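Thanks for asking me to look over this one with you.

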Amino acid sequence: MGFLRVLFLLALAVISVIASQHAHAQVTAYAVGQGAVNSVEVGVEVRASVLGRCGFATGGAPSGTIDQAGFDQSGFIKDFAIILNCTGASRIAVSSANGGMATSEAGGAGYQTKAPYNVALYVAADNGTNATATCAAAALAAGGSCSFAGTANAATGLRLAGASTKANGSYLRVSAPAYTGTDTLVAGRYSDTLTITVSVSP
Amino acid sequence: MAPANVNPNLIARAAILLAALTAAAPAMAQDVQQIAIYGEVAPRCWVAEPTQTNAALPVARERAICNQARPVLASEVRAIAVDGTLVKRLPASADPLAAAASLSPRTALEIVVTPLL
């Protein structure tokens with residue numbers, strides 16, 4: 001008989017605990033004057049993960065222009081410094097608007113209105129590793145075959161395996177020797193625009 | 001006013017989702033920069049095949065090549081001696097065979113082409 005009493009009291013205690021937990025899980029709050037409970041305190045557990053941060057450092061984006069007169073005879077070369085701010089592996093990609101230096105002057109048989117040039121990328125990490133590649137501007141146009149052509153994303157672009165958060169001597173180099181093509185370059189003003197993008201690389 | 005039923009689990013899940021999205025968004029973004037490349041090709045004219053040295057071949061009328069999109073006008077032909085001095089001015093329309101007959105075999109012919117603007 002005593003055992004049954006103990007068992008009954010134990011069951012009563014368990015029911016009481018369950019009932020109290022349910023009351024905590026589902027609370028009804030009322031407007032002031034409409035009920036006894038006017039506010040509910042809710043404990044919110046916030047979990048967040050931060051992926052690798054990657055971009056150009058402040059003042060470290062390649063910028064500026066090159067303007068070379070008589071480039072068909074002299075050629076040209078210019079380095080644009082790059083400082084990355086990537087806490088992990090990154091990719092950097094380049095696209096060319098014209099696939100070469102183009103002019104709006106009229107061409108014709110035996111004449112050429114687009115001058116070839118090369119784009120080289122050299123990116124270095126904080127740990128001393130680096131990645132480098134060179135492509136003709138023609139291979140950087142839309143659909144080009146260059147290994148770093150296009151817009152940088154997880155799978156596109158020249159990959160730098162290590163973090164790069166300071167000035168490590170990275171650069172983008174544009175260059176061309178004196179023109180030696182078969183067709184004559186038409187006299188005129190030539191131009192191209194390179195778009196450089198950088199992205200995290202998981 | 002109707003009472004507000006609050007489900008703490010739902011609020012917690014929404015908060016976690018928002019926090020995750022906020023943290024992930026900047027890392028996914030790309031950094032973009034553009035640089036411009038300019039160059040200029042000056043208008044020029046030159047003589048096609050200027051190194052014809054075979055004396056057995058007849059002297060052909062020299063042909064000028066210009067890289068301008070506009071037409072050009074060949075104004076005159078100059079005969080230049082080996083020391084660089086001007087030997088003779090010939091009209092562009094002159095017959096090179098006849099003109100060359102009176103000149104030394106080592107005389108160079110220089111075509112001056114004036115752009116027709």
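## Where the two chains meet

1. E2(B) has another partner in chain A. Eleven bridges join E13(A) to E2(B), and here the strands run antiparallel. To find this pairing on your screen, look for A:Thr193, whose bridge partner in E2(B) is B:Ala36.

2. How far does the predictor trust the complex? The complex is given an ipTM of 0.72 and a pTM of 0.65.

## Chain B

3. Chain B has two helices and seven strands, and along the sequence they follow the pattern β-α-β-β-β-β-β-α-β. Of its 117 residues, 9% are buried. Among its contacts between residues at least 6 apart in sequence, 58% join residues at least 24 apart.

4. Some caution is needed with this chain. Its mean pLDDT is 65, and 32% of its residues reach 70 or more. Confidence is highest in E2(B), at 93, and lowest in helix H1 of chain B (residues 8-28), at a mean of 47. Over residues 14-28 of chain B the pLDDT is below 50, although this stretch has 18 contacts in the model beyond near neighbours in sequence. Where pLDDT is low, the predicted coordinates should not be read in detail.

## Chain A

5. Chain A contains two helices and 13 strands. Of its 202 residues, 30% count as buried. Residues 24 or more positions apart account for 75% of its contacts with a separation of 6 or more.

6. Four strands of chain A form an open sheet, in the order E3-E11-E8-E9, with antiparallel pairing. Strand E3 (76-82) and strand E9 (130-136) are the edge strands, each pairing on one side only. On average, neighbouring strands of this sheet are turned by 10 degrees against each other, direction ignored.

7. Within that sheet, E8(A) and E9(A) form a hairpin with five residues between them, and A:Gly128 in the turn has a positive phi of about 95 degrees. Seven bridges join strand E8 (residues 118-124) to E9(A).

## The nonpolar core

8. Which residues touch the most other members of the largest nonpolar core? Of its 43 residues, they are A:Ile92, A:Val94, A:Val119, A:Val123 and A:Phe148. At least two core residues each come from E3, strand E4 (90-96), E8, E9, strand E10 (158-160), strand E11 (170-176) and strand E13 (188-200) of chain A, together with strand E2 (31-41) of chain B. E13(A) gives the most to this core, with five residues.

9. Is A:Val94 buried or exposed? This residue of strand E4 of chain A counts as buried because it has 28 C-beta neighbours inside 10 Å, where 20 or more are needed. Leaving aside neighbours within four places in sequence, A:Val94 is in contact with A:Val119, A:Leu121, A:Leu140, A:Phe148, A:Ala149, A:Leu194, A:Thr195 and A:Ile196. Its C-alpha atom is separated by 7.8 Å from that of A:Ala152, 58 residues apart along the chain.

10. With neighbours within four places in sequence left aside, its contacts include A:Leu121, A:Val123, A:Phe148, A:Ala152 and A:Ile196.

## A buried loop residue

11. Finally, take a look at A:Thr103, which sits in the loop between strand E5 (101-102) and strand E6 (111-112) of chain A. A:Thr103 is buried, because 22 other C-beta atoms lie within 10 Å. Beyond neighbours within four places in sequence, A:Thr103 is in contact with A:Thr113, A:Val186, A:Gly188, A:Arg189 and A:Tyr190. One of these, A:Val186, is 83 residues apart from A:Thr103 along the chain, yet their C-alpha atoms are separated by 8.2 Å.

Methods
Residues numbered from 1 in each chain as written. Chains lettered and ligands numbered in written order. Predicted model: local features only at pLDDT ≥ 70, side-chain atom pairs only at ≥ 80, totals over all residues. Pairing = 2+ DSSP bridges. Axes fitted to C-alpha atoms, helices over the stretch in contact; angles between N-to-C directions. Buried ≥ 20, exposed ≤ 12 C-beta atoms within 10 Å, placed from the backbone. Contact = placed C-beta atoms within 7 Å. Core = buried A, V, L, I, M, F, W, Y, C linked by C-beta atoms within 7 Å. pLDDT = per-residue confidence, 0-100.
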